[in-house]
Amino acid sequence: MSRHVCVTAAEGHTGSTIVELLLTNDNFSNNIDSVTCLSLQPHGEACNQLSKLGAKIVAHEPGRLNKMVDSIKAIGADTLCLIPPAREDKLDLTVELIDAAKKANVPNVCFISSAGCDLAERNKQPKLREFIDLETRVLSSKGDSSTATGHSPVVIRAGFYAENLLLYSQHAQEEGVLPIPLGSNHKFAPIALGDVAQVAAYVLSGKGKHGFSDKHRGQLIVLTGPMLATGDELASAASKALGQELRFEDIPESEAKRVLQSQSASDNSEQQYLLEYYSLVREGKTNYISTSAFHDITNSHPQEPDDFFKVYAEEFQRKSPPKKRKTGKA
């Protein structure tokens with residue numbers, strides 16, 4: 001049974017990590033015939049590196065649905081890993097990809113969604129809530145007899161990526177703080193990007209008589225990290241791993257916007273997504289962990305916060321005595 005995988009938004013961190021796993025890990029590569037990256041930045045560094053690993057790179061040209069359908073057909077993809085790109089027009093681009101997959105009759109679709117989207121309110125967390133609209137569009141093909149798409153769907157709701165904490169590494173190094181608008185009482189469970197990619201790779205390479213493995217087919221998989229933590233508890237885990245004190249500082253959302261704008265190269269929509277997720281934390285809507293699916297699929301344990309901070313110790317450790325933080329107040 002052949003398996004030709006196409007990964008969208010392959011230039012991003014999630015896409016490139018999944019592609020690298022599929023191509024370099026024998027657990028997955030032995031079950032994959034080919035991997036194609038559909039990329040908005042086909043000549044960028046990420047795609048250059050993936051090409052060297054054996055991936056085929058195809059340009060994603062937005063706004064040309066029929067050409068995209070032709071491209072997917074030419075690739076010969078029977079499996080699509082659908083990742084919304086980190087752009088302001090994420091919704092439109094992803095809808096177009098969903099429609100293209102449907103027209104191209106791609107039978108196996110794994111959609112990377114976001115944990116918390118079902119708890120988001122449209123008027124308060126619109127960027128998060130968009131994922132519900134996209135999930136609905138993906139899954140609606142299940143009942144459409146005119147297309148093979150939807151025959152073997154999987155939705156992975158990935159929790160808050162622990163790697164987002166790297167946005168605050170400069171503050172950690174210079175001031176010894178993690179300035180994040182989480183509030184003081186409620187908790188969340190960051191998950192390592194590599195853990196999300198690992199689950200996706202198992203799904204994309206798994207095979208059964210209907211497409212994806214029957215262990216995964218039709219599943220709504222919610223992934224979080226293994227430890228619920230307040231901001232203070234997260235800073236304590238970091239301090240233990242780093243061997244030096246790192247404090248959490250709860251900051252207003254207005255200041256959080258300035259911090260993200262000064263530290264992040266991502267566009268405004270991705271910064272807004274993070275701020276909306278933080279608001280879910282403050283509302284108490286992230287006080288849960290969901291690791292059963294990870295254990296069941298991978299037969300392993302997701303990365304603990306201590307281990308995450310050990311991996312990225314160089315980015316978080318102070319290089320000099322901590323400076324007094326500037327709050328941006330007049």
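A salt bridge here is a Lys or Arg side-chain nitrogen within 4 Å of a carboxyl oxygen of Asp or Glu. The views below come from a predicted model, which holds 17 salt bridges.

**View 1. D214 and R217 meet side chain to side chain.** Their N-to-O distance is 3.7 Å, so the pair falls within the 4 Å cut-off.

**View 2. E121, K124, E283 and K285 join up in one network.** What links these four residues is a set of salt bridges that share partners.

**View 3. R157 pairs with D118 in a salt bridge.** Here N and O sit 3.5 Å apart. R157 belongs to strand β6 (residues 152–158), while D118 is in the loop between β5 (108–114) and α6 (126–140), so this contact ties together parts that are 39 residues apart in sequence.

**View 4. E61 forms a salt bridge with R64.** The closest N and O atoms of this pair are 3.2 Å apart. As for solvent, E61 is partly exposed at a relative accessible area of 32%, and R64 gets the partly exposed label at 44%.

Methods. Residues numbered from 1 in each chain as written. Predicted model: local features only at pLDDT ≥ 70, side-chain atom pairs only at ≥ 80, totals over all residues. Heavy atoms only, no water. Buried < 20%, exposed > 50% of the residue type's maximum accessible area, 1.4 Å probe, protein only. Helix = DSSP H or I, 4+ residues; strand = E, 2+ residues; numbered from the N terminus.
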